[in-house]
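Here is a short tour of one protein chain. Keep the sequence and the 3D view side by side as you read.

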Amino acid sequence: MRIYVASLSDYNAGRLHGAWIDFEPEDTPDGIWAEIEAMLQASPEISICQWCGNDEAGQHIGHSYMGGIVEEWEIHDYEGWPDGMVPSKHSIEELVTISNAVDEHGDAYLAWMDNTGDIDPDNMPEYSTYEDAEELGKMWYDGMYGMEGLDAIEYYVNWKAFGESLMVDGQYTEYGNTIYEWYG
Ligand SMILES: [Zn+2]
């Protein structure tokens, strides 16, 4: 997952200056902030005199050289984030939380985030997974009435339809090719 961060002072001066910043496993917000700061400090705007527009080595008549201040930025592009997610709507802290949680929990976290809108992985409950509605229906029946009960009726029941009827309950989420059951 990564974002393209652009310097707004440069953008307003008609220049594109920015950097792609990768979110690696176990990155911290401080690490990302340092990369954004490094991008800003590398801006050509910084060496342009605020008073006269000459660079530091140029002439500054009647005033001392006054270097530019470059501190505003925006996310102008992004790649690899969960479907439908717009990184510019999140803080850097939230983006680090999401990136690290995806690395740690994979699709289960994405499914849970999709279901609840919550991004804090500490709030994520325990879960089971099923390949499809048919497996969910059979496992549910087995859990309720045991394997013997299941054997007796296995070939007479539309398990897919039964499983789908269970899934109207909010404790199940279908995400990708997997059904998640959330506990608690
Ligand atoms: Zn000047």
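Which strands does α2 lie across, and at about what angle does α2 run to β2? Helix α2 lies across β1, β2 and β3, and its direction is about 165° to β2.

Some ground rules come next. This is a predicted model: local features need pLDDT of at least 70, side-chain atom pairs count only at pLDDT 80 or more, and totals for chains, interfaces and linings use all residues. Residues are numbered from 1 along each chain as its sequence is written.

## The whole chain

The protein chain holds six helices and six strands. Here helices (H or I, at least four residues) and strands (E, at least two) are DSSP runs, numbered from the N terminus. Read from the N terminus, the elements come in the order β-α-β-α-β-α-α-β-α-α-β-β. The radius of gyration of the protein chain is 26 Å, well over the 16 Å that the globule rule gives for 184 residues, so the chain is more spread out than a compact globule. That radius is taken over C-alpha atoms, and the rule is 2.2 Å times the number of residues to the power 0.38. Along the principal axes, the C-alpha atoms fill a box of roughly 95 × 25 × 20 Å.

Of the 184 residues in the protein chain, 23% are buried. A residue is buried if 20 or more other C-beta atoms lie within 10 Å of its own, exposed if 12 or fewer, and partly exposed in between; the C-beta atoms are placed from the backbone. Among contacts between residues at least 6 apart in sequence, 57% join residues at least 24 apart. Two residues are in contact if their C-beta atoms, placed from the backbone, lie within 7 Å.

## The sheet with β1

β2, β1 and β3 form an open sheet of three strands in the order β2-β1-β3, with antiparallel pairing. Two strands pair if DSSP finds at least two bridges between them. β2 and β3 (73-79) are the edge strands, and each pairs on one side only. On average, neighbouring strands of this sheet are turned by 25° against each other, direction ignored. Strand β1 (residues 2-7) is joined to β3 by six bridges, and the two run antiparallel. Tyr4 stands opposite Asp77 in β3.

The loop between β2 (18-22) and α2 holds Glu26. Phi of Glu26 is near 70°, a positive value in a residue other than glycine. Glu26 is exposed, with 10 other C-beta atoms within 10 Å.

## Helix against helix

Two helix pairs can be set side by side. Axes are lines fitted to C-alpha atoms, for helices over the stretch in contact, and angles run from 0 to 180 degrees between N-to-C directions.

| Pair | Axis distance | Angle |
|---|---|---|
| α2 (residues 29-41) and α3 (residues 92-105) | within 9 Å | roughly 125° |
| α5 (residues 133-153) and α6 (residues 159-166) | 7 Å | about 80° |

The angle in the α2 and α3 pair makes α2 oblique to α3. α5 and α6 are therefore roughly perpendicular to each other. Angles under 35 degrees count as roughly parallel, over 145 as roughly antiparallel, 65 to 115 as roughly perpendicular and the rest as oblique.

Which residues of α2 and α3 meet? Pro29, Ile32 and Trp33 in α2 meet Ile92, Glu93 and Val96 in α3. In the other pair, the contact includes Leu136 and Trp140 of α5, and Phe162 and Leu166 of α6.

## The sheet with β6

Another open sheet of three strands has the order β4-β6-β5, also with antiparallel pairing. β4 and β5 stand at the edges, each with a single partner strand, so one side of each is left without a neighbour in the sheet. Strand β4 (residues 127-130) pairs with strand β6 (residues 178-182) over four bridges. Tyr130 has Ile179 as its bridge partner in β6. Strand β5 (residues 172-175) also pairs with β6 over four bridges. Here Thr173 is partnered by Tyr180, and Glu174 stands opposite Ile179. Two residues lie between β5 and β6 in their hairpin, and Gly176 in the turn has a positive phi of about 60°.

α4 lies across β4, β5 and β6, running at about 115° to β5. The buried residues of helix α4 (residues 107-116) are Ala108, Tyr109, Leu110, Ala111, Trp112 and Met113. These residues pack against α3, β4, β5 and β6. Just after α4, Gly117 takes a positive phi of about 80°.
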